[in-house]
Amino acid sequence: MAKGITKRSVDYSRWYTDVIAAAQLADYSPVKGCMVIRPTGYAIWEKMQAALDKLFKDTGHENAYFPMFIPEHFMKKEAEHVEGFAPECAVVTHGGGKELEEPLFVRPTSETIIWSMYKDWIQSYRDLPILINQWANVVRWEMRTRLFLRTTEFLWQEGHTAHATAEEAEAETKQMLEIYRIFSEEYMAVPVITGRKTEREKFAGALHTYCIEAMMQDTKALQAGTSHNLGQNFAKAFDVTFQNEAGELESVWATSWGVSTRLIGALIMTHSDDNGLVLPPKMAATPVVFVPIWASNEEMNTVLKKIDEITADWKGKFNFKIDDRNNIRPGRKFNEWEKKGIPIRIEMGPRDMETNEVVLVRRDTGEKIRLPQDNLVERILTTLETMQNDMFNKAKEFRKHNTHIVDDYEEFKQRLDNEGGFYLIHWNGKTATEEKLQEETKATIRCIPFDSPDEPGKCLITGEPSERRVLVARAY
RNA sequence: CGGGGCAUAGCGCAGUCCGGUUAGCGCACCUGGUUUGGGACCAGGGGGCCGCAGGUUCAAAUCCUGCUGCCCCGACCA
């Protein structure tokens with residue numbers, strides 16, 4: 001049916017890049033590993049930014065901006081951090097035609113430069129908390145890249161907060177993860193599992209890392225957001241202390257949290273189909289397109305005039321486009337908007353004019369509904385809402401269907417190979433076991449889910465005692 | 001960084017083995033007309049340093065050497 005888009009069943013990763021090309025979301029750039037985000041793709045990012053920014057501001061955060069260049073010695077101050085990030089950093093060694101006295105790292109993340117500033121900004125507990133977010137680009141020199149999911153340069157937001165107590169920092173870490181969950185599920189209609197990363201998977205320099213994990217349509221896992229409790233690691237590395245109420249000097253407690261343009265990849269791989277992109281209404285810059293149909297120029301004028309009447313009260317309710325191009329036929333228009341994932345298409349031609357009706361087509365189900373021209377605003381708004389819910393429920397149902405509980409290693413290996421999916425397994429909590437699991441199955445522990453109940457059992461790999469189940473899957 | 005593949009018009013490709021007219025096809029694009037309820041049709045037209053650099057030859061997209069870039073699959077990662 002869809003020309004130019006490889007079917008998911010044939011080649012999932014080709015399908016993914018085909019959808020991006022067909023919807024004109026992004027393009028490969030002349031720079032290896034870097035992409036150009038095209039207007040249609042950037043519009044999705046702007047929708048994400050707008051929603052997240054509001055959620056951040058509503059919880060007391062402010063935006064700021066720090067330099068993209070980080071002096072080398074900053075990067076080296078926190079041992080675990082430098083070990084984690086140094087191998088994937090781009091480094092500037094020359095400027096103004098001369099070799100620099102000290103190389104500048106292009107930020108892979110901004111903890112170090114931000115904490116070098118927090119040192120100056122924080123003296124007493126009265127200066128705390130600091131709740132800052134930054135919208136920025138970062139660079140990580142990746143071996144293999146994939147549009148949106150992993151590129152050398154990407155856009156993201158990174159929150160960096162400073163607190164007077166460990167409890168407050170922990171509460172912030174959890175709060176921001178919850179905001180990511182809300183955003184993912186309620187705006188992107190992408191169900192996620194919240195949990196804690198293992199020691200091996202946590203952020204370099206963090207006490208611990210919380211994450212949201214989503215299941216893509218090929219049943220692989222995608223880490224969609226992370227929130228880190230940094231403890232006092234960065235405060236100690238950058239000597240950031242404050243005087244508490246008792247007059248004693250203490251190290252500041254820190255968090256950081258981020259989501260990136262990778263979310264666009266999650267959005268695509270959760271909802272889209274063989275005909276192209278499918279956008280949940282809340283992520284569509286233009287949720288409605290009106291496609292008029294006519295057979296002659298006179299008819300064109302009548303139909304367009306009627307459309308002006310019908311859409312007069314749409315303004316301010318939702319964004320919409322009227323596709324009045326006369327050089328291509330309706331069928332082409334249907335297809336173009338489908339590929340771009342516009343949630344609702346309204347069609348109206350001479351036949352509908354006679355009966356005072358329009359045809360409404362849902363992108364997610366393809367369902368066509370004839371509707372009277374009156375009260376369309378109401379119908380469209382409720383349909384958008386229904387679609388938003390349906391898409392979330394469908395994705396959640398899919399994940400449920402592909403999540404399994406297993407207690408036999410051989411069965412696990414076979415099923416993982418044959419059906420993929422998420423697995424809840426017992427694990428003895430040891431890094432060595434985790435590494436063995438990955439070596440033997442290419443699956444990783446995605447997280448220790450928050451809702452995983454205390455349930456004594458035996459480690460799937462070693463048979464040793466385990467206290468609860470962890471989430472395992474092959475991941476992007 | 002290992003394995004595989006590719007480089008010819010904006011995109012997708014043929015031509016390369018076996019050197020030889022003006023480098024061709026589909027899509028897209030432009031003009032005109034007929035069309036318009038699921039990717040229209042006809043006619044005309046524009047667009048090429050055949051990845052780069054050397055070499056062989058009377059003659060190179062085609063043969064030889066070197067380089068570069070990109071894509072896919074693995075190891076690392078938001």
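Modeller: The model is predicted: local features require pLDDT of at least 70 and side-chain atom pairs pLDDT 80 or more, while totals for chains, interfaces and linings use all residues. Residues are numbered from 1 along each chain as its sequence is written, chains are lettered from A and ligands numbered from 1 in the order in which they are written, and side-chain values use heavy atoms, without hydrogens and water.

Biologist: How many residues surround RNA strand B, and which are the closest?

Modeller: A residue is near a molecule or strand if one of its heavy atoms lies within 4 Å of it. Here 39 residues surround RNA strand B, the closest being Arg-144, Arg-150, Arg-329, Asn-335 and Asp-352. Of the RNA atoms that come within 4 Å of the protein, sugar and phosphate account for 42%.

Biologist: Which element supplies the largest share of the surface near RNA strand B?

Modeller: Elements are DSSP runs numbered from the N terminus, with helices (H or I) of at least four residues and strands (E) of at least two. Helix α10 gives the largest share, seven residues. At least two residues each come from α10 (330-339), β17 (344-348) and α11 (350-355). To divide a surface by class, count Ala, Val, Leu, Ile, Met, Phe, Trp, Tyr, Cys and Pro as nonpolar, Asp, Glu, Lys and Arg as charged, and the others, Gly among them, as polar. The surface near RNA strand B then has 13 nonpolar, nine polar and 17 charged residues.

Biologist: What is the strand order in the open sheet of five strands?

Modeller: Two strands pair if DSSP finds at least two bridges between them. The order is β16-β15-β17-β18-β19, with mixed pairing. β16 (320-322) and β19 (368-372) each have a single partner strand, so one side of each is left without a neighbour in the sheet. Strand β15 (residues 288-292) is parallel to β17 over five bridges, and Val-291 stands opposite Glu-347 of β17. β18 and β19 are instead antiparallel, over five bridges, with Val-361 and Lys-368 as bridge partners. These two strands form a hairpin with five residues between them, and Gly-366 in its turn has a positive phi of about 80°.

Biologist: Which helix lies across β15, β16, β17 and β18?

Modeller: Contact means heavy atoms within 4.5 Å. Axes are lines fitted to C-alpha atoms, for helices over the stretch in contact, and angles run from 0 to 180 degrees between N-to-C directions. Helix α9 (residues 297-311) lies across those strands, at about 155° to β15. Helix α12 (residues 376-401) touches β15, β17, β18 and β19, its direction making about 15° with that of β18.

Biologist: Which strands are at the edges of the open sheet of 11 strands?

Modeller: The order is β3-β7-β8-β14-β11-β10-β9-β22-β25-β21-β20, again with mixed pairing. β3 (62-63) and β20 (403-405) are the edge strands, each pairing on one side only. Helix α5 (residues 111-121) packs on this sheet, touching β7, β8, β11 and β14, at about 30° to β8. Helix α8 (residues 262-271) touches β10, β11 and β14, at about 145° to β11.

Biologist: At roughly what angle do the axes of helix α2 and α8 cross?

Modeller: The axes of α2 (residues 39-58) and α8 come within 10 Å and cross at roughly 105°. Helix α2 is therefore roughly perpendicular to α8, a term for angles of 65 to 115 degrees. Gly-41, Ile-44, Trp-45 and Met-48 of α2 meet Leu-263, Ile-264 and Leu-267 of α8. By class, the residues of this contact are six nonpolar, one polar and no charged.

Biologist: Where are Pro-129 and Ala-189 found?

Modeller: Most residues other than glycine have a negative phi, and most peptide bonds are trans. The bond from Leu-128 to Pro-129 is cis, with omega near 0°, and Pro-129 is in the loop between α5 and β7. Ala-189 has a positive phi near 60° and lies in the loop between α6 (166-187) and β9.

How values were computed
Angles under 35 degrees count as roughly parallel, over 145 as roughly antiparallel, 65 to 115 as roughly perpendicular and the rest as oblique.
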